[in-house]
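Let's take a walk through a protein together, step by step. Please have a look at the picture, and then we will go through some of its parts.

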Amino acid sequence: MSHREVMRALSGLLMVLFAAMVSSTVVSVALPQIVGDLGGTQSQYTWVVTATLLASTASTPIWGKLADLFDKKRLLQIAIAIFALASLACGLVENTGQLIALRAVQGLGMGALQVLVQVIIGAMVSPKERGRYNGYLGAVMAVSTVGGPLLGGAITDTDWLGWEWCFFLAVPITVVAFFMLQRTLHLAESKKPDTKIDYLGASLIAAGVSLLLLWVTFVGNDFDWISWQTALMVAGSVILLGGAVVVETKVREPVVPLHVIKRRDPALAVVASLAVGMAMFGGAVFLGQYFQIARGYSPTEAGLLTIPMMFGVMVSSTIAGRLVSKTGRVKPYILTGALVLTGGFTMLATIDHTTSLVFMGVGMFLVGTGVGMAMQNLVLVVQNSVPLRELGAASGAIAFFRSLGGTIGVSVLGAVLANQVADKIASGLAALGIDTSGSLGGSTLDLDAMPAPVAEVVRASYGDATGHLFMISACIAAAGFIAALFLTPVKLRETVDMVEEIVEEIAVGEETVLGAK
C-alpha cells in the first residue's frame, strides 16, 4: 500500500482504536451515577469494571492468533460489530446484571480492536516505516486514556445527555469507521488450507488469566493477601497457565508462540512493557482521585488538570515515531522514554495535598513523554523480530502483558493507597481527639457530609498518601529501563516480512513442486 492508501486506511483504524480505548475510561467518572440509577450494589459496581477487564485482557492473545490464521480485515469488521452492538445495548440496560454481562461482551470487542489495529498496521508497512504510524497510535491512545474521564464528566454533567451517552458515543464512530475501512483497507491475505485452532490452549490461557485477574482485583479488599482464597486462586492460576504452557509447546498453531517470547529481544520487550504498563496505568489511574479528593476539584476540572500528561504522550509519540522511521533505530528512544518516565514519577513521588499545580504539571508531562516514547516502540521491537505469519500472535502477546501489568499495577497500588490512607486518617483524627475505633472518614468519600475538620484530615491523608504510589511507580519504571538496556541495538527492517522467511518459504515450495514432479 502506498503512503496515501495507508493514511486513508489509518484514519478508519484510528477511529476504531479511539472508540475502543475511550469506552474503557469514559465511564469511570459516570459509574457511581450509573450504578446508583440502576439500583446496583458495591459488589456489582466492582464487577462492571472487572467484567470488561477480564474479557479484554484474556481474549487479547487469542484475537492476535486468529489474525495470523484468518482474514484480518474480516476479523476487524466482526470485532467492530461486536463492540458497536454491545455498546448500544449497554446504554439500554434496565439493571446492573444486564450491564455486567454486556460489558463483558464489550470487553471482547475492545480487546480485539486494540490488538487487530496494531496487527493490520504491521501487515501494511515495514517496521522502519511503522514508527511514524505508531506515533499516531500513541497520540490517539493518550487522548482516549486521559481525555476519557474528562469527556465522561462533561457527558454526565450535561442534563440533556445522561450517562447512557457514555456508551452510545462509540456507536456512530465505529459505524463510520466500518464503512471507511470497507472502502480503504486492502490487505493481501494468503489462504491457509490446514488451519487448526488451538481451542485447548486458548481455553487454558483464558481461564488461567481470568482467575489471576480476579485475584488481583479482589485481594486486599475482599480478602487478605495471605488467606485461603489467595492460596486457592493463585494455585489454580499456576496450574491452568502451566497446563497452557505444556499445550503451547506441542500444538502446531499455538495461541502464544513461546519460541518467539523466549528470544532475547521479545522477552526483554515484554518485561519492559509489563513495567511500563504497571507504572503508567497504576500511577495515572489515581491522579483523577487525587485531584478530586485531595484537592477538591470537580470531575471535569480533574480531567483538565491531567492534560499535561496527554500532551506529553501526543508530542513525544509523534516525534519519536518519525525519528524511528527516519533512522531505523528504536532502542535509544525506548531507553530515553523509560528514563524520562522514571524521572517524572520521581518528581510526583514528592507531592502532598498542597503541592504546586505547576510542579505537578511538569511531572505529569514527563510521565506522558516517557510513555509516548517507550510504549509503542516496544511493540515495534517484537514485531520486527517475527515473520509476517506470526505478527498477530506476537502483537497480541505484548498487548496482553502490557494490559496485565496495568491491571496488577492498579490493584497493588490501590491496596497500598488504602492502607496508607487508613493509617493517616486514624492518626489525623486521633490528633483531633476523635475516637478512631469507628469507620468515620474511612467508609465514605462524601466529604460534604463530614464536619470540616474531619474532611480536611481525609483530604490531607489522600494527598499525602498518593506520593507513595508514585515512588513505587518510579521503581517499576526503573525496572523497565534496566530491561531496555539489554535490548539489541538492531536496525528495523524495511520489508513487511522477514526476507529470510520469504526465501525459506520459496525454497520449501520449490521442493514440494519438484517432489510432485
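Does Val381 count as buried or exposed? At 10% relative accessibility, Val381 counts as buried, where buried means under 20% relative accessible area, exposed means over 50%, and partly exposed lies in between (with a 1.4 Å probe, protein chains only). Before going further, please note that this is a predicted model, in which local features need pLDDT of at least 70 and side-chain atom pairs count only at pLDDT 80 or more, while totals for chains, interfaces and linings use all residues. Residues are numbered from 1 along each chain as its sequence is written, and side-chain values use heavy atoms, with hydrogens and water left out.

Back to Val381, which lies in helix H16. Helices (H or I, at least four residues) are DSSP runs, numbered from the N terminus. The C-alpha atom of Val381 is 6.8 Å from that of Ala269, although 112 residues along the chain lie between the two positions in numbering.

What does H16 pack against? Helix H16 (residues 357-384) packs with helix H15 (residues 331-348) at an angle of about 150 degrees, and their axes are 7 Å apart. Axes here are lines fitted to C-alpha atoms, for helices over the stretch in contact, and angles run from 0 to 180 degrees between N-to-C directions. That angle makes H15 roughly antiparallel to H16, because angles over 145 degrees count as roughly antiparallel, under 35 as roughly parallel, 65 to 115 as roughly perpendicular and the rest as oblique. The crossing of H15 and H16 is left-handed, meaning that the near helix is turned anticlockwise from the far one by less than a right angle (clockwise would be right-handed). In their contact there are 19 nonpolar, seven polar and no charged residues. For this count, Ala, Val, Leu, Ile, Met, Phe, Trp, Tyr, Cys and Pro are nonpolar, Asp, Glu, Lys and Arg are charged, and the others, Gly among them, are polar.

Now move to helix H4 (residues 72-90) and helix H5 (residues 96-124), whose axes come within 8 Å and cross at roughly 150 degrees. H4 is therefore roughly antiparallel to H5, and H4 passes H5 in a left-handed crossing. Their contact has 19 nonpolar, three polar and two charged residues. Leu113 sits in helix H5 and is buried, with a relative accessible area of 0%. The C-alpha atoms of Leu113 and Thr60 are 9.1 Å apart.

Which residues have the most contacts inside the largest nonpolar core? They are Leu76, Leu116, Ile121 and Met124, in a core of 96 residues. Such a core is a set of buried Ala, Val, Leu, Ile, Met, Phe, Trp, Tyr and Cys residues joined through side-chain atoms within 4.5 Å. A second, separate core of 22 residues includes Ile205, Val247, Leu258 and Ala397.

Finally, look at the aromatic rings. Rings of Phe, Tyr and Trp (its six-membered ring) pair if their centres lie within 6.5 Å; planes under 30 degrees apart count as stacked, over 60 as edge-to-face and the rest as tilted. By this rule there are six aromatic pairs. One of them joins Trp163 and Phe167, edge-to-face at 6.3 Å centre to centre with 90 degrees between the planes, and both residues are buried. Phe178 and Phe179 also form an edge-to-face pair, with 5.5 Å between centres and 75 degrees between planes. Here Phe178 counts as partly exposed, at 25% relative accessibility, whereas Phe179 counts as exposed, at 53%.

Conventions
Helix = DSSP H or I, 4+ residues; strand = E, 2+ residues; numbered from the N terminus.
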